Amino acid sequence: MKFSLNWLNDHLDLDDLSVSEIDDLLTFAGIEVEGIETRGAAIDQLVVAQVLISEKHPDADKLSVCQIDAGGDMPVQIVCGAKNYQVGDKIPLAQPGCELPGGFKIAPCKMRGIESHGMMCSASELGLADESDGLLILDTEASPGTPFSDIVTADTIFDVEITPNRPDLLCHLGLARELAALTGRKLKGNIAHHSDASKASPAATEIIDIQATESCPLYSGHFIRSVKVGPSPDWLKEKLEAVGLRPINNVVDITNYILHETGQPLHAFDLAKLNGGIQVRPAQDGEKITALDGESYELNSSDLVIADGEQAQAIAGVLGGADSGVTEATTDILLEAAYFTPSGIRATARRFNLSSDSSYRFERGIDPLQTLAISELAVKLISELTSGQADEKALVAGETPSAPANVTFAHQACHQLLGHNIGDDKIDTILTSLGLTRNGTTWKIPTWRLDLSRQVDLIEEIARVYGLDKIPSRTCGTYAPASKEDKIYAANRSLRDQLVYQGFYESLSVKLIAESQLADDPGKALKGGLLPLRIKNPISDDYVYLRPSLVPSLLSIARHNVNMGNSALRLFELGTVFSATPKGQEIEQSNLGLLITGDREPRSWKQAQPETLDFHDLRSVIESLCPGQDVQINPITPQTGCHLALAAQIRLGKSKIGICGQLTPARAREFGLETPLLVAEFNASTLNAARSSNRQYAEIPRYPASNRDIAMEAPADLPNSEIEAVFAKINDPLLESFFLFDVFADPSGEKLAADKKSLAYSVTYRHQTRTLEQAEVEQAHKKVLEALKKALPVVFR
């Protein structure tokens, strides 16, 4: 939420504190300041100017050529694209040499052949608003040439992250209270938190009928007649613009001002558009309402609505209806002030994916005893700014929720828990500054601090205001054995480090993907009927499903890199994936995803055309992740609809740990790639368990090895994994290792039958305690040949 320093100064004198000091006060009190922005500061060469002449540009329909009085001897010529000004209006003019927020420097230029010596500015261009529809029209008596800083007050905006347990800080009055407690200062004045009962009267049920008292314990309405809806005064516009709101009209602006001033949401209905009394009731299943955002919402019985005698006019606590909104034609209004229970508002807001300023506060909990008092303040402001006539009394239905219960507190408990004696008087001063009132051994909790319900809550507040940095440490760190989470973190850290050492870059992506990306999941064939998880309220078509695989995210990142001219990629991501059983049980697990493509080595004068990465490079990476383990890459048939041209299952012994493959050339070309695009994905838990198993170490061999080659013809469709499986089963202590070093095939059939391939393996034999004799090697080699011939359809050459 954004807070204006000038606005805070209305409640508390902070002039002697620097911005950094206020930042530190809030941060060390547990209130995170996410950003600080200066608005309306003095800008050199920015002056008040007046439009003297405005003519159409001869060569551009959307541009105008203006003569501007900037206080000099001669008018200044400016080319402008805005349309919201008239001759005689005063506007801010950035002259040549002026540097606007964001580093934009103004210099003379030609626009479609016409010279322009400056720029007429909007509020957003000057940093006075987040957005604007045109030039900033100044309502000022200042003469042309007056420095802009003389008429616009500088302000500092704090962007503060408010935790859900502190809804009292979602307004300027709340943050001012907090700063008063932290600095020991007094508020300049306080808004009454208890209304005068004489200014309210019970409403007849035909006027206000609460049919859901659990969801709405209190509802009030105040009639204000003969209002004149129009622009708000400058002071009100400035306050709203300071916190990023766009002024609309005096009635709506007052409700927004009250919201950001006190935290109490209000809503104004056009009385002429209401038929009959107000009903606070559950919506009917299938009932529809068009809200102020222009969208139509279908409601159900769990939603609460504000209705008249004919239809729903607002989604209670969330958003008003378009049919009863205040417009310039409005003359009579009904001002709503209510207390809605947080759980109901939260459920409705989440279901519709709506987060309005009102729902954000109601779902966290507002001060239940300030509702009627704040309504009185709003009625007074509306009456003053619209010349309206308010009824003498507000109409109230329901009962004000009870105040928070008193909390028993013992000073000694505070000293013991903090391990430091702050002093009883200091404790009392801190609690009093927070709005609490002592009554013997109990403390009365202010109605705006609904989060304080236990003694330990009060102790936490004392420590926070006193300063955690002032409480000395009493104990040193103690030993704690590694937890399961610690071991998982260490294992994942080891995985990351190894991949980075191999030239990979780690990617971090959102956990949501588009429906079109589901086909990029390479493991669909291995998931045994598991389904992807669709979210209920997607924020866009690009974020519809929780990702069932990391590969779609890696491919999206690869596309971005290729578009930026980087086509040699080694990417990995370690993250969570999601799926569901046909019965709806949700499953999530940690996976490791890999993607490689492009040149094997960087291009250079020595190697202008490097070899490209292929499936064997991917396999080498996979095997390196499980040193000393029995890693098997078993080919499988890619599932229909999947984008894999080649696919293989990754096995570790008897366990399936993942899948790897190469995307189809057509899919690779969609990414702008002509090189193979290879991916792999593992179950990270299974992979880490294998990596952390006890490794066997052996000393470097002392005796020489003996090598033999095996050349054989085999069927072209015989996978290498089957040959490796036969080698692995040969139980001979002299067989140390083997590897494939040559493959030959001739699809034409001229040199070798088209359905055959020629394979050559190198086999190593060694004895650990002595040098082998030739006869021993020949006997062991014969045993290997016999095993291969017996198990496989091969012919030795």
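Which residues do ring pairs link into a cluster? In this predicted model, the cluster consists of Trp-7, Trp-235 and Tyr-257. The count of aromatic pairs comes to 7. One of the pairs joins Phe-727 and Tyr-761, with ring centres 5.5 Å apart. Their planes meet at 45°, so the pair is tilted. Phe-727 belongs to helix α17 (residues 720-729), whereas Tyr-761 belongs to strand β41 (residues 756-765). The pair therefore ties together parts that are 34 residues apart in sequence. Both Phe-727 and Tyr-761 are buried.

Charged side chains also meet aromatic rings. The charged end of Arg-364 sits over the ring of Tyr-360, at 3.6 Å from the ring centre. Lys-470 lies over the face of Tyr-466. Here the distance to the ring centre is 5.6 Å.

Helix α3 covers residues 172-183. At 1.5 Å a residue, its 12 residues should span 16 Å. The end C-alpha atoms are 16 Å apart, which agrees with that expectation. The helix is mostly covered, with 11 of its 12 residues buried. Among the buried residues are His-172, Arg-177, Glu-178 and Leu-182. The covering elements include β1 (2-4), α1 (5-9) and α2 (19-28). They also include α5 (250-262), α10 (424-433) and α11 (455-466). Gly-184 follows α3 and has a positive phi, near 75°.

His-172 lies in this helix. Its relative accessible area is 0%, under the 20% cut-off, so His-172 counts as buried.

In soluble globular proteins, nonpolar side chains tend to be buried together. The largest nonpolar core in this model has 39 residues. Tyr-219, Ile-278, Val-280, Tyr-297, Leu-299, Ile-306 and Phe-340 touch the most other members. Several strands each supply at least two residues of this core, including β14 (208-210), β15 (218-225), β17 (278-282) and β23 (333-339). The largest share, 4 residues, comes from β20. Phe-340 is in contact with Ser-215, Cys-216, Leu-304, Ile-306, Ala-316, Gly-317, Ile-345 and Phe-362, leaving aside its neighbours within four places in sequence. Another core lies apart from the largest one and has 27 residues. Leu-592, Leu-594, Cys-626 and Ile-650 are among them.

How values were computed
Residues are numbered from 1 along each chain as its sequence is written. This is a predicted model: local features need pLDDT of at least 70, side-chain atom pairs count only at pLDDT 80 or more; totals for chains, interfaces and linings use all residues. Side-chain values use heavy atoms; hydrogens and water are left out. The expected span of a helix is 1.5 Å times one less than its number of residues. Buried means under 20% relative accessible area, exposed over 50%, partly exposed in between (1.4 Å probe, protein chains only). Contact means heavy atoms within 4.5 Å. A nonpolar core is a set of buried Ala, Val, Leu, Ile, Met, Phe, Trp, Tyr and Cys residues joined through side-chain atoms within 4.5 Å. Rings of Phe, Tyr and Trp (its six-membered ring) pair if their centres lie within 6.5 Å; planes under 30 degrees apart count as stacked, over 60 as edge-to-face and the rest as tilted. A charge sits over a ring if NZ of Lys or CZ of Arg is within 6 Å of the ring centre and within 35 degrees of the ring normal.
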